[in-house]
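Subject: Model handover

Hi,

Here is the model I promised you. Have a look at it first, and then read my notes below.

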There are 2 protein chains.
Amino acid sequence: MKKLINGIDGILSESLRGFGAAHADLVAVSLDPKYVLRATPKARGKVALVSGGGSGHEPLHAGFVGAGMLDAACPGEVFTSPTPDQMLAAAQAADAGGGLLFVVKNYSGDVMNFEMAAEMLADAPGGVATVLTNDDVAVEDSTFSQGRRGVAGTVIVEKIVGAAAERGADLAACQALGERVNKATGSLGVALTSCTVPAAGRPTFDLGEDEMELGVGIHGEPGRRRVPLMPADEIAEAMVSAICESTGPKPGEPLLLLLNGMGASPQMELYLMYEAARRLCEDRGLAVARSLVGNYCTSLDMAGCSLTLTRMDEALLDLWDAPVHTAALRWGM
Amino acid sequence: MKKLINGIDGILSESLRGFGAAHADLVAVSLDPKYVLRATPKARGKVALVSGGGSGHEPLHAGFVGAGMLDAACPGEVFTSPTPDQMLAAAQAADAGGGLLFVVKNYSGDVMNFEMAAEMLADAPGGVATVLTNDDVAVEDSTFSQGRRGVAGTVIVEKIVGAAAERGADLAACQALGERVNKATGSLGVALTSCTVPAAGRPTFDLGEDEMELGVGIHGEPGRRRVPLMPADEIAEAMVSAICESTGPKPGEPLLLLLNGMGASPQMELYLMYEAARRLCEDRGLAVARSLVGNYCTSLDMAGCSLTLTRMDEALLDLWDAPVHTAALRWGM
């Protein structure tokens, strides 16, 4: 295993210290318990968004803490759920009195721990609600999930609901919006290589020199099929058709297209994949109204990418375009 | 070789098409000859900045085309200099009448071709000047360069000179500023794995399971030493000491610290390396006044990182902080 680390134990703390120092204008980092908080709290009375999950998917979630998106993020150890006490501390620090919304990727550990935290916060003045993301159309149940996995579509939920919360939408409206965006969103990933979890010290799965995993999860979970390495256009076609089959976008409907890198694929390849996917959407009469290309929801050092499509409308486009200022996404401010 | 591509020949064109479509608000892409131009030209009479070089280092340079930075970028084939006719076309398209400044990384092919382009542009109304970047302190001469290589420090030159040009500095002032920033900048890179050039189909160099290349170039050129894999803190110490020895920052002087990913290293590791380097700078009494962490000057799918330190002053900090709006760097607008 080749990694830029000092040892297994310190990775998360050392990395979080660096993140906090590099973005001191945006975030405050707590190391015990571990959470990342907006440096400048939002106005009193607004809904606070709190997310989190295992580390190794950066910039998800800490990279999305800031004005117009998340109020706090709880990083667990690599590919391991954060604990309820982290979530409790983060939520209490982020609480602006307007209610707390948890954005939770659908993995058993995350779901259970965020549920426990929600119970501990039952007396929060503005209430607590949860949005579960499960945008991965690849498989129904998986290694760490009952039902579909939450993957890169989570970024879109966090951005759009974050904008609504910033504008003053109440807790019920934020929750309903999050559920609507999640339902309008589908993703599919491919792996060309496995990721390597530092504590394991070796690749999570074996993949032959000419193989790829179609429908891979962001922890290296099995997908739909282990297949021979396909050309970019065929990969894009498999992705677009699987997502469209699941979410059923209509011709003319505006789409948000996120071409997400898994961590180790060069930007040249990501833009090439984006172009292939965009063209296939347009061939189907679908209008790509907004685009995002880059590493947003990664799987450590995995080579590969995922495609996410969200069915948008004018209101969602307006929320997507709203100002955001985080370490990993910034526009309008 | 595992890459998200359709075939070797189309990689650059397909990727550029995607880049242009994803950032249509920022850039216009020409495919014949290949260059990336600011979508909204700068005001007449200002200096236009044109850069370029072999592809495979993305987001360098096309990701830095936009307001406050580059006016045009010329991408060559992977790790291959762009041609003089690309540079000529890009420069003519970007020319705002205030002179043309070429920002050129010090590699023989790039230097020769930009020189030819400058000769072809001898009649440009505002004149033509060049800034050569050679911030890599690792080795004096290298595989593709006489003298030191230009690496990630080029991003800093492009940002600071881009800001000055936007504010109306004339060609001589922009050139002098670029040379000053380059001289104040030092970089050192490490590779944990080789990159793989698509047309070659196999890793550029062999590295043992427990080895790293200290001082590697961004095309996989040899560095100072092939050494056993070191802990992050020791890597950071080797980088900080090599750079400080070369550029001689003084205690209390503000520094810009760029911790740059080579392409395949996860963000967790980059922030961890940033933290190690930052601490070592502060231990030396050096003040890290500005920070940038991420993939800015890459080497395809190489795992590893580079550290860049620039000795700043109030004027340089002010130019660094000036608004910029490009695909890869954005603040203040």
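A definition to start with: buried means under 20% relative accessible area, exposed means over 50%, and partly exposed is in between (1.4 Å probe, protein chains only). By that cut-off A:Leu300 is buried, because its relative accessible area is 3%.

Some ground rules. This is a predicted model, where local features need pLDDT of at least 70 and side-chain atom pairs count only at pLDDT 80 or more, while totals for chains, interfaces and linings use all residues. Residues are numbered from 1 along each chain as its sequence is written, chains are lettered from A and ligands numbered from 1 in the order in which they are written, and side-chain values use heavy atoms, with hydrogens and water left out.

Most residues other than glycine have a negative phi, and most peptide bonds are trans. A:Leu300 has a positive phi of about 50° without being a glycine, and its place is the loop between β11 (287-294) and β12 (304-311) of chain A. (Helices, H or I with at least four residues, and strands, E with at least two, are DSSP runs numbered from the N terminus.) A:Phe79, not a glycine either, has a positive phi of about 55°; look for A:Phe79 in the loop between β4 and α2 (84-94) of chain A.

There are cis peptide bonds to check too. One joins A:Leu60 and A:His61, with omega about 0°, and A:His61 lies in the loop between β3 (48-55) and β4 (72-78) of chain A. Another runs from B:Asp32 to B:Pro33, with omega near -5°; B:Pro33 sits in the loop between β1 (27-31) and β2 (34-38) of chain B.

How do the two chains relate? Chain B can be laid on chain A with an RMSD of 0.0 Å by a turn of 180° and a shift of 0.0 Å along the axis (least squares on the C-alpha atoms of residues with pLDDT of at least 70 in both). The two copies are therefore related as by a two-fold rotation axis. Within chain B, B:Ala264 comes closest to that axis, at 1.9 Å (C-alpha). The copies meet through the same surface, because 100% of the interface residues of chain B are also interface residues in chain A (contact means heavy atoms within 4.5 Å).

Finally, A:Met112 belongs to helix α3 (residues 108-120) of chain A and, at 48% relative accessibility, counts as partly exposed.

Cheers
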